Amino acid sequence: MKKKVGFLLSYLCLLSLFCVGAAELLLVDRAERVSETEKRLLQGFPELTVSSVLSGRFMEEFEAFLSDGFFFRKQASDFNTHLLGVFALPDDGPETGVVAADRLWEEPADGETEPAATAESTLAVPTGIQTEPVSETPELSVAPSDAAVAALPLREAEHDASLWLVTDDGGRETLFSYPAASLTNLADILNLFRAELPEDGRVFFLNPQVSEVYRNIVKKDRYVGWGSDVDELMQPLVAEGVTILDACDILSPYIGVENLYPATDYHWHPISASLTVDTLMELQGVPAVDYGQYRYHLSTMLYSKAVTRETLSGMRYGSDVIEIMEPVTPARSYFLDHLTNRRDGLFIKFPGGYEAFLGGHYGPWRLIETGFHTGRTALFVGDCFTPPMMTYIAPYYDQIISTDVRRLFYSQADAGGSIADYMAAYGVDDVYVVYSTNSMVWGDDLQAKLRTYLHE
């Protein structure tokens, strides 16, 4: 009797799974469609051809079709996001033992004022990296006063902006839109940040694409590029000294040339962050540090010796492997709260994946003492796309502070002061606001919290 019951239950389970699978094949949308929550095109039913079968593309796209089409996908994705959020931010930062074991510097001996670099961090500075201020000071815009910014007319965006994919016939397919009202409000917030800076300060805003957007181009034959008009619509709305950048324009020349994004994770690869930093520096008239001037570890080769970029170019490894740069100074990284309270953190962690950069993305505040001497300090306000950017922008600043106003990463009580308070306490010269498309420009984080936490 027990065997019959077990057989019946197994049969019913298999029958249920078959019915669910058949229903998905018959009832789900077979055409490509836009996912507003994931910022990408969901896979449609693949075209069945001899070439697609022989190349393996049909089965790859068919698997993606099943993954993108299962019932209650959005609810499952939302549940996963909330579940990850529960574990995303340890109350006390990384485990103390991990920080102590993997430090890139030694504690200063008695009487020493500078940290003693370890063998890993004692490297010659690559040619092109300036350890002193560059000889020619770039000509920067003059900051308007607080009153001047407040008196600026609130100009409105002419229409919604959009992110699109370029088809092989030169057409455009809109992936998602940015409401005009959200562009107008964000421009006004960036102007308020500008008013907190000295005369030669700058504010930069960047909205980089996540890997799902990029994979639409590299995984599907019909798309050859991407584009956005966010910068065109927002730039006329901001004060002097505020620059809106187009992440699509920055990375477009390197599509198909460099490994810009991983195949599975949604972050960008370090080279994309480095190329973006190069553009930011060139806009300020500062010589850029080339990506190849560092030595690198690979995330899959846990204890390997760092190698040059030329050596890496001759190696074959998957697109999910991360190139982890070896720092050129014994930089110090800290968790920061209540303006001045510091706890030890990481700058570069070996071994590691994406979390190798700063040991991962944590809040409420971070501080990096770079070991360089340029006389300037930067503030990064952004999501988890910022850690590799901060490691590559380190040669241009003495200090970098950072925060993320999203709910899981920011606490007013732990911060112990407003963003403006931190800017004043650390003498911030330039501000970089960097939120990826996963963070949604039109969402509450950028539309309300940036303004609120600036002065509260």
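Helix α16 has twelve residues and spans 17 Å from its first C-alpha to its last. That is close to the 16 Å expected at 1.5 Å a residue, where the expected span is 1.5 Å times one less than the number of residues. Helices (DSSP runs of H or I, at least four residues) and strands (E, at least two) are numbered from the N terminus. The model is predicted: local features need pLDDT of at least 70, side-chain atom pairs count only at pLDDT 80 or more, and totals for chains, interfaces and linings use all residues. Residues are numbered from 1 along each chain as its sequence is written, and side-chain values use heavy atoms, with hydrogens and water left out.

In α16, Asp 445, Leu 446, Gln 447, Lys 449, Leu 450, Tyr 453 and Leu 454 are buried. Buried means under 20% relative accessible area, exposed means over 50%, and partly exposed lies in between (1.4 Å probe, protein chains only). The cover over these residues includes three helices, α7, α14 (412-415) and α15 (419-426). It also includes the strands β5 (202-206), β13 (377-382) and β15 (430-434).

Helix α7 (residues 180-195) packs on α16 (residues 444-455) at an angle of about 20 degrees, with the axes 9 Å apart. Axes are lines fitted to C-alpha atoms, for helices over the stretch in contact, and angles run from 0 to 180 degrees between N-to-C directions. α7 is therefore roughly parallel to α16. Angles under 35 degrees count as roughly parallel, over 145 as roughly antiparallel, 65 to 115 as roughly perpendicular, and the rest as oblique. The crossing of α7 and α16 is left-handed, a term for a near helix turned anticlockwise from the far one by less than a right angle, with right-handed for clockwise.

From α7, the contact draws on Ala 181, Ser 182, Asn 185, Leu 186, Asp 188, Ile 189, Leu 192 and Phe 193. From α16 come Leu 446, Gln 447, Leu 450, Arg 451 and Leu 454. Contact means heavy atoms within 4.5 Å. By class, the contact of α7 with α16 has eight nonpolar, three polar and two charged residues. Here Ala, Val, Leu, Ile, Met, Phe, Trp, Tyr, Cys and Pro count as nonpolar, Asp, Glu, Lys and Arg as charged, and the others, Gly among them, as polar.

The 16 residues of α7 should span 22 Å at 1.5 Å a residue, and the end C-alpha atoms are 23 Å apart, which agrees. Twelve of these 16 residues are buried, so α7 is largely enclosed by the rest of the structure. Among the buried residues are Leu 183, Leu 186, Ile 189, Leu 190 and Phe 193. Asn 191 and Arg 194 are also buried.

Helix α15 packs on α16 as well, at an angle of about 55 degrees and with the axes 4 Å apart. The two helices are therefore oblique to each other. Ile 419, Ala 420 and Met 423 in α15 meet Tyr 453, Leu 454 and His 455 in α16. This contact has five nonpolar, one polar and no charged residues.

A further helix pair is α11 (residues 270-283) and α13 (residues 386-393), whose axes come within 9 Å and cross at roughly 55 degrees. α11 is thus oblique to α13. Their crossing is right-handed. In α11, Pro 270, Ala 273, Ser 274, Thr 276, Val 277, Leu 280 and Met 281 take part. Their partners in α13 are Pro 388, Met 389, Tyr 392 and Ile 393. The contact of α11 with α13 has nine nonpolar, two polar and no charged residues.

Several loop residues were also examined. Most residues other than glycine have a negative phi. His 338 has a positive phi of about 50 degrees although it is not a glycine. His 338 sits in the loop between β10 (332-337) and β11 (341-344), and counts as partly exposed at 43% relative accessibility. Met 440, also not a glycine, has a positive phi of about 60 degrees. Met 440 lies in the loop between β15 and α16 and is partly exposed, with a relative accessible area of 32%.

Gly 171 occupies the loop between β3 (161-167) and β4 (172-178). At 25% relative accessibility, Gly 171 counts as partly exposed. Gly 171 touches Leu 165 and Val 166, leaving aside residues up to four places away in sequence.

Overall, the protein has 16 helices and 15 strands. Of its 456 residues, 51% count as buried.
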